[in-house]
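Walk me through how the two chains of this model meet. Take the helices first, then the strands.

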Amino acid sequence: MPRSTKKKEGGQDASTRPFWSGTITFGLVSIPVDLYPGNRDTHVGLRTLGGDGAALQRRYFSEKSGRQLGDDDIVRGYEHKKGKFVIVTDEELDRLAPEKTRDIELKRFVPLEDVPPLYFDRSYFLVPSGGSSKAYLLLAESMAAAGKAGIATFVMRGKEYLVAIRSDRGILRADTMRFADEIRTPAEVGLPKKTKANAAKVKRFEQAIRRASKRTLATSLLTDEYSEQLLKLARKKRNAGKDVVEVEVEESEKAEVIDLMAVLQKSLKAGGAGAARRKRAA
Amino acid sequence: MAARAIWKGNLKLGRLAVPVKLYSAITDRDVHFHLLEKRSRQRVKQHMVHPETGEEVSSEQVQKGLEVEPGTFVILKEEELQKLEPQDSRDIELLQFLPPQVIDNQWYERPYYLGPDGDTAGYFALAEALEKQKKEGLARWVMRDRRQFGALWAQDGYLTLITLRNADEVLLPKDLPAAPKRSATAAELRMAKELIGLLEGPFDPSEFHDEYRERVLEFLEARAKGRRPKLGRIKTRTASRSLESDLGKSIEAMRRARKSKERDVA
């Protein structure tokens with residue numbers, strides 16, 4: 001479900017503001033947290049430029065009058081009958097979520113390997129907020145020690161999520177998952193019924209698998225060759241002074257990442273230091 | 001109703017090959033909205049406009065530019081872009097096999113089922129071999145003019161292929177600051193672990209439902225009929241003051257709930 005049309009256009013807030021703020025509850029312990037995306041959508045950013053090299057902007061127009069529309073002229077509608085819409089605001093959608101569903105209530109802890117890969121969708125890093133870093137670190141440490149992930153459902157920005165909260169080197173991550181009814185079964189897809197495999201054939205595949213087995217993933221394998229080639233070509237043309245234009249730009253993707261690190265560092269440090277001081281005083 | 005295959009390929013593992021079809025493994029159940037003009041309640045159109053003149057720029061006049069350093073763009077022509085596209089191929093090359101979870105789920109993007117395309121025996125033999133070896137395969141192929149990476153995984157006897165994000169789309173833990181040393185007391189840690197233990201169980205996806213989706217749809221239908229459904233208020237929560245006492249009370253409550261459940265069963 002798209003949120004609003006207003007994000008990013010202004011340019012400056014996306015880098016420091018969390019994607020969402022909420023509370024993890026673990027028994028009676030509540031831990032306010034901010035969520036930051038752990039994935040970025042774009043790889044190399046190809047921008048749309050005009051014939052004269054100016055960076056073009058995406059704008060909305062009235063289908064009826066052809067008039068250009070500002071953010072305040074646009075609403076969101078749900079098509080309940082063909083051509084008939086019900087208007088709804090972000091605030092109304094937020095208020096439709098019952099109080100408790102806005103909390104990430106850890107009701108169950110499961111071995112992470114129990115979750116089939118098909119379920120996972122996106123990752124978010126969690127940062128303690130509102131003086132919660134002591135409880136945050138305690139949860140991260142005890143989950144890591146138990147080798148478990150906490151499962152919860154919660155509503156964020158107009159959508160309910162199934163999520164696995166896990167500890168990743170002492171930092172909490174929220175990995176969103178699909179609901180069971182969003183995943184097709186092999187029967188629904190129309191795959192044939194399982195048949196008993198020929199033992200000799202299985203053996204041959206097993207041998208081939210063993211031969212190609214590794215213990216670790218070389219993430220360098222996953223570099224985006226296409227993006228690298230694009231960059232190479234662009235640099236070559238720049239050095240040759242061909243098709244180069246100067247363009248005013250909004251903040252780059254990179255700033256977003258660095259800011260998240262700074263936020264994490266600051267927020268974790270603040271809590272840690274505070275806790276240490278309290279201990280000494282006691 | 002059987003789904004339609006979106007692509008056909010040839011899984012290649014050394015000298016072995018299994019012809020397969022790709023099917024989307026997910027169904028979109030999101031509630032979708034349209035952007036509308038407030039006044040007319042009609043749909044809106046999107047156009048690219050020139051930043052200075054505000055005039056619409058037609059798609060024939062548009063060019064693609066790549067930022068080589070902040071503010072400096074190099075224009076890449078359509079022919080140049082096409083030349084960089086990888087060569088078409090039907091091969092899904094299996095590069096290596098890894099223990100489960102070595103590929104962190106942060107990399108996973110979109111899941112597909114693979115179905116047999118002619119060689120059913122080979123298909124189920126590969127699925128069984130993967131399950132027996134408890135391995136996940138790393139695959140590479142070209143689809144829709146892009147090089148793709150994927151994780152090959154056997155789920156309940158069927159092959160699934162989950163596309164992976166590129167290295168620059170994933171924020172890795174090594175990019176993050178190290179978490180500070182623990183500040184919890186031994187007692188707090190013991191109690192937190194005990195509480196986790198009390199809530200332990202297998203992952204059962206049928207336990208969880210998207211109830212909010214239903215509420216949103218009900219609300220929209222009610223409003224379509226001209227009703228004004230009631231909405232809640234939003235409050236913010238504060239952090240726990242005393243971890244030890246909150247953990248203690250949680251453990252007690254969990255134990256009491258368990259006991260009364262056991263009594264009910266008996």
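This is a predicted model: local features need pLDDT of at least 70, side-chain atom pairs count only at pLDDT 80 or more; totals for chains, interfaces and linings use all residues.

The crossing of helix 4 of chain A past helix 2 of chain B is right-handed.

Now look at the residues in this contact. Helix 4 of chain A brings Lys201(A), Val202(A), Phe205(A), Glu206(A), Ile209(A) and Arg210(A). Helix 2 of chain B answers with residues including Ala121(B), Gly122(B), Ala125(B), Leu126(B) and Ala129(B). Glu128(B), Leu130(B), Lys132(B) and Gln133(B) of helix 2 of chain B also take part. By class, the contact of helix 4 of chain A with helix 2 of chain B holds 8 nonpolar, 2 polar and 5 charged residues.

Next comes another helix pair between the chains. Helix 2 (residues 133-146) of chain A packs against helix 3 (residues 186-198) of chain B at an angle of about 60 degrees. Their axes are 9 Å apart. That angle makes helix 2 of chain A oblique to helix 3 of chain B. The crossing of helix 2 of chain A past helix 3 of chain B is right-handed. From helix 2 of chain A, the contact takes Leu138(A), Leu139(A), Glu141(A), Ser142(A), Met143(A), Ala145(A) and Ala146(A). From helix 3 of chain B, it takes Glu188(B), Leu189(B), Ala192(B), Lys193(B) and Ile196(B). Sorted by class, the contact of helix 2 of chain A with helix 3 of chain B has 8 nonpolar, 1 polar and 3 charged residues.

Step back to the whole interface. How many residues of chain B are in contact with chain A? There are 145 of them, and they touch 158 residues of chain A. Helix 2 of chain B gives the most to the side of chain B that touches chain A, with 11 residues. That side of chain B divides into 77 nonpolar, 34 polar and 34 charged residues.

One open sheet has 3 strands in the order 7(A)-6(A)-3(B), and the pairing is antiparallel. Strand 7 (84-88) of chain A and strand 3 (34-37) of chain B are the edge strands, each pairing on one side only. From one strand to the next, the twist averages 55 degrees. Within it, Ile74(A) stands opposite Glu37(B).

A further open sheet of 3 strands runs in the order 5(A)-4(A)-4(B), again with antiparallel pairing. Its edge strands are strand 5 (68-69) of chain A and strand 4 of chain B, each of which pairs on one side only. Strand 4 (residues 57-62) of chain A meets strand 4 (residues 44-49) of chain B through 6 bridges, and the two run antiparallel. Arg58(A) stands opposite Met48(B). Arg59(A) has His47(B) as its bridge partner.

Follow chain B onward to strand 5 (residues 63-69). Strand 5 of chain B pairs with strand 3 (residues 46-49) of chain A, antiparallel over 4 bridges. There the bridge partner of Leu49(A) is Gln63(B). Strand 5 of chain B also pairs within its own chain, with strand 6 (residues 72-76) of chain B, antiparallel over 5 bridges. Glu69(B) stands opposite Thr72(B) in strand 6 of chain B. The two strands form a hairpin with 2 residues between them. In the turn, Gly71(B) has a positive phi of about 90 degrees.

Finish with the domains of chain B. The domain assignment gives domain 1 as 5-27 + 85-169 and domain 2 as 184-201 + 241-266. The C-alpha centres of domain 1 of chain B and domain 2 of chain B lie 42 Å apart.

Technical notes: Residues are numbered from 1 along each chain as its sequence is written. Chains are lettered from A and ligands numbered from 1 in the order in which they are written. Domain bounds come from an automatic or database domain assignment. Two strands pair if DSSP finds at least two bridges between them. Axes are lines fitted to C-alpha atoms, for helices over the stretch in contact, and angles run from 0 to 180 degrees between N-to-C directions. A crossing is left-handed if the near helix is turned anticlockwise from the far one by less than a right angle, and right-handed if clockwise. Two residues are in contact if their C-beta atoms, placed from the backbone, lie within 7 Å. Ala, Val, Leu, Ile, Met, Phe, Trp, Tyr, Cys and Pro count as nonpolar, Asp, Glu, Lys and Arg as charged, and the others, Gly among them, as polar. Angles under 35 degrees count as roughly parallel, over 145 as roughly antiparallel, 65 to 115 as roughly perpendicular and the rest as oblique.
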